[in-house]
2 protein chains.
Amino acid sequence: VPDTFTAEALLDAYPILSAEERLEGFAMLSANEAADFFLALSTHDQAGLLQELGPERSRPWMRLLAPDDAADVLQSMEPRERPPFLALLDMATLGEVTALMAYAEDAAGGVMNPRYMRLRPEISVEIAIRYLRRQAIRGIEVIDYAYVLAPDMRLLGVVSFRELFAAPPERLVSDIMHTDLVTVTDETDQEAVAHLLIEEGLLAIPVVDAEGRMKGVVTADDVVGVVQEEATEDIQKIGGSEALDEPYLQIGFADMVRKRGRWLAVLFVGEMLTATAMGFFEKEIARAVILALFVPLIISSGGNSGSQAATLVIRAMALSEVRLRDWWRVARRELLTGLVLGLLLGLIGLVRILVWQAVGEVYGEHYLLVALTVAGSLLGVVMFGTLAGSMLPFVLRRFGADPASASAPFVATLVDVTGLVIYFTVARILLGGTLL
Amino acid sequence: VPDTFTAEALLDAYPILSAEERLEGFAMLSANEAADFFLALSTHDQAGLLQELGPERSRPWMRLLAPDDAADVLQSMEPRERPPFLALLDMATLGEVTALMAYAEDAAGGVMNPRYMRLRPEISVEIAIRYLRRQAIRGIEVIDYAYVLAPDMRLLGVVSFRELFAAPPERLVSDIMHTDLVTVTDETDQEAVAHLLIEEGLLAIPVVDAEGRMKGVVTADDVVGVVQEEATEDIQKIGGSEALDEPYLQIGFADMVRKRGRWLAVLFVGEMLTATAMGFFEKEIARAVILALFVPLIISSGGNSGSQAATLVIRAMALSEVRLRDWWRVARRELLTGLVLGLLLGLIGLVRILVWQAVGEVYGEHYLLVALTVAGSLLGVVMFGTLAGSMLPFVLRRFGADPASASAPFVATLVDVTGLVIYFTVARILLGGTLL
């Protein structure tokens, strides 16, 4: 064991250590290093470490946490394991943490900090500055704004430090505060809070209840993590898995297999319909085996164009660029996009078959009809895939489901069956009397 | 036109207005509302509005922007259009903006704010506080930390306002500052800066050059947008499109078709190999048409499991949970995952065929061999898909490409061809002498 054992060294090694090695390493840190280390851990790891330490040895670490972080840590433990850790907090913090835990974890109330710089409207700038200094000493994060509250806690206005420092000392806070406030309620979804922060270019947004009483502040650093988490969930769903909720290398094998296997099995059962659909066209395939050759090409083109459209719409929805009521605009746009993309792929397919025929004469005397069948099917399949992929997120959201569940594999599966039907129908029309 | 025409109302209507209506609406706002409105616009829209106004009428709005925002706005204009707008800035800001524009837009240097609270180490706490008040008045964002610099601008330490306010007035800044600094260089990728901020739980990170000289500060609110942008790019790539770089409803039709068509065409050309592969097995299909029925089911299972694995690994890489050197750990894990998932799907497939056979006798006398062929192929295809999907992001990163290019459709295409080869090879082995 090296002499200069630091928080950083332990953090690097942490993911690959056993529970015992973790405790041992943590015990070896100096008090300062241990605090740095503990605060640098993820919420998930903090909860794990506290549980490994046991409540008796956890008091200094629980008290090191800000109320919102303490609430997060407790919420990542099983409910029955929380009480002994809750009991370690001082009374004031206990009240705040309990209040925070009552909020849904993904609502503004769940990520806000209940400690913020507060002022009364009737005091002077000079007194306000002195008062803010005292609040900063008491351990409140300084984030550019102080909030002006009525005695009943109603939020009256906001003033930036910059403005406060620049104002004549004898002026009243009420004279210089802004009253055109951007606020959220404690139930606002944290993703919406993040968008609002980004759009308004603010460092923090106050959280108020239905009566306009101030509850806390959500700062940009609280939502950077949120934005990242939500994106991770969406990406994992788009990839056709449930959200893992844990880092890839840390999630247990059984959990991972369950979260992936469930979706794969559902998709597989859906995809079985392709075997049924192919069964309907067994006679056609027996008569013209050549048709079978293009099945993967055609259905995958539908799946690819559908995945693409679905993913673009899912992300646009997550960013609030597209709302439910925009479905018709999106549908028109995607239909036109699908037409152009379908023509493109159809044309490439046509050329491919004509060139192969010219070189090797592999497609028999009716090669031109085969080529037209493939090209026509591609046009139809890509248009359908694009439209279905772009509309599926709207349908899911309309029925209260997560649009991101319109994963690439889900859309592909949906489009595969239809693709087969389109292909063999076009074939029946164009090849009836010749190959079929 | 309503009397109470506000910034908010114009913001809501903005996306659907013509250029003329936008100018007209903007002109109708009061000075205060116009400033609120302008600052609330996205960088892209700010640039657009300035260009519509023309340089003559843009001076107040250019000067309203912080240096980093001004640099962003200018960078979203064509290079030849920038000079007249640059000329509107005051000399000090012009220097800062030009320096910022020299950085890559996605590096720390490109998002940092060159204005921050600075202190000398040898002054007392009392003087430091007075000095910081003066800086705040000069319009510097207050974000909890002040940076302690040597005369040559080398970053010596950092001190929070909280600590400064709590310290005895006569102590020296150098006595209370922290010297274990978390810094980034001006070339650090902005995504890496965001991760560092989240990991360390900081509101801001100082940017230093190779000699340790302070260049600026990246604050959490700068990177919330970055995190969102990067996630959007990754999601769009995973969905099998190029990154749109513009909101879905605002990007021009031709641009969108180009960005989507290019990838679809590449995937289509790759997918053509399936027709070639199927061609190799044309004789087998002609002899046992029943084999063709399961082609879509089998190749899509490979594609789905591959998309899933690729997406999880891409996201884990973007979050720095998984590094290049972890490839072997991931490979072992995914091989095992693929084995379990393959057994699961193989079993479902086996049961499906046996049940259908029991009910309708659709698969002929060799149904058991067919069922085993399908089940065995599913096991092989899912294992291959999972392994290929999880390794592809590593290969891409190893060769300097973006791992997110391992899109769901790309992986599916890659796995389709192999899936066909696996399927027909298993069929030749199991069905040789009976059906084949």
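This is a short walk through a two-chain structure, and the model is predicted.

Let me start with how the chains sit together. Chain B can be laid on chain A with an RMSD of 0.3 Å. Now the interface. Of the interface residues of chain B, 100% are also interface residues in chain A, so the copies meet through the same surface.

Next, one serine. Ser305(A) is in helix H18 of chain A, which covers residues 295-318. Is Ser305(A) buried or exposed? Its relative accessibility is 0%, and the cut-off for buried is under 20%, so Ser305(A) counts as buried. Where does its side chain go? It reaches the backbone oxygen of Gly302(A), at 3.2 Å. Leaving out residues up to four places away in sequence, Ser305(A) touches Val382(A), Gly385(A) and Thr386(A), and also Leu264(B) from the other chain.

Now the sheet in chain B. Three strands form an open, mixed sheet, in the order E1-E2-E3. The edge strands are E1, 118-119, and E3, 155-160; each pairs on one side only. Strands of a sheet pair through backbone hydrogen bonds, either parallel or antiparallel. Here we have both. E2(B) and E3(B) are antiparallel, with 5 bridges.

Follow Val148(B) across the sheet. Val148(B) is the bridge partner of Leu119(B). In E3(B), the partner of Val148(B) is Gly157(B). The hairpin of E2(B) and E3(B) has 5 residues between the strands, and Met153(B) takes a positive phi there, near 75°. Why call E3(B) largely enclosed by the rest of the structure? Because 5 of its 6 residues are buried.

On to helix H4 of chain B, residues 43-53. Which of its residues are buried? They are Asp45(B), Gln46(B), Ala47(B), Leu49(B), Leu50(B) and Leu53(B). What do they pack against? Five chain B helices: H2 (19-28), H3 (31-40), H5 (59-64), H6 (67-75) and H7 (83-86). After H4(B) comes Gly54(B), with a positive phi near 85°.

Now the nonpolar cores. The largest has 115 residues. The residues with the most contacts inside it are Phe26(A), Phe26(B) and Tyr147(B). A second, separate core has 74 residues, including Phe268(A), Val295(A), Val417(A) and Ala288(B).

Back to Phe26(A). Beyond its neighbours within four places in sequence, Phe26(A) contacts Leu10(A), Ala34(A), Phe37(A), Phe38(A), Leu49(A), Leu53(A) and Trp61(A). Phe26(A) also belongs to one aromatic cluster with Tyr14(A), Phe37(A), Phe38(A) and Trp61(A).

Last, aromatic pairs. The count over all chains is 20. Take Phe281(A) and Phe424(A): they are stacked, 4.6 Å centre to centre, with 10° between the planes. This pair links distant parts of the chain, 143 residues apart. Phe281(A) is in the loop between helix H15 (253-280) and helix H16 (282-287) of chain A, while Phe424(A) is in helix H21, residues 408-431. Phe281(A), at 7% relative accessibility, counts as buried. Phe424(A), at 0%, counts as buried too.

Key: Residues are numbered from 1 along each chain as its sequence is written. Chains are lettered from A and ligands numbered from 1 in the order in which they are written. This is a predicted model: local features need pLDDT of at least 70, side-chain atom pairs count only at pLDDT 80 or more; totals for chains, interfaces and linings use all residues. Side-chain values use heavy atoms; hydrogens and water are left out. Helices (H or I, at least four residues) and strands (E, at least two) are DSSP runs, numbered from the N terminus. Buried means under 20% relative accessible area, exposed over 50%, partly exposed in between (1.4 Å probe, protein chains only). A polar contact is a pair of N or O atoms within 3.5 Å; within protein, one must be able to donate a hydrogen and the other to accept it, and residues adjacent in sequence count only if both atoms are side-chain atoms. Contact means heavy atoms within 4.5 Å. Two strands pair if DSSP finds at least two bridges between them. Copies are superposed by least squares on the C-alpha atoms of residues with pLDDT of at least 70 in both. A nonpolar core is a set of buried Ala, Val, Leu, Ile, Met, Phe, Trp, Tyr and Cys residues joined through side-chain atoms within 4.5 Å. Rings of Phe, Tyr and Trp (its six-membered ring) pair if their centres lie within 6.5 Å; planes under 30 degrees apart count as stacked, over 60 as edge-to-face and the rest as tilted.
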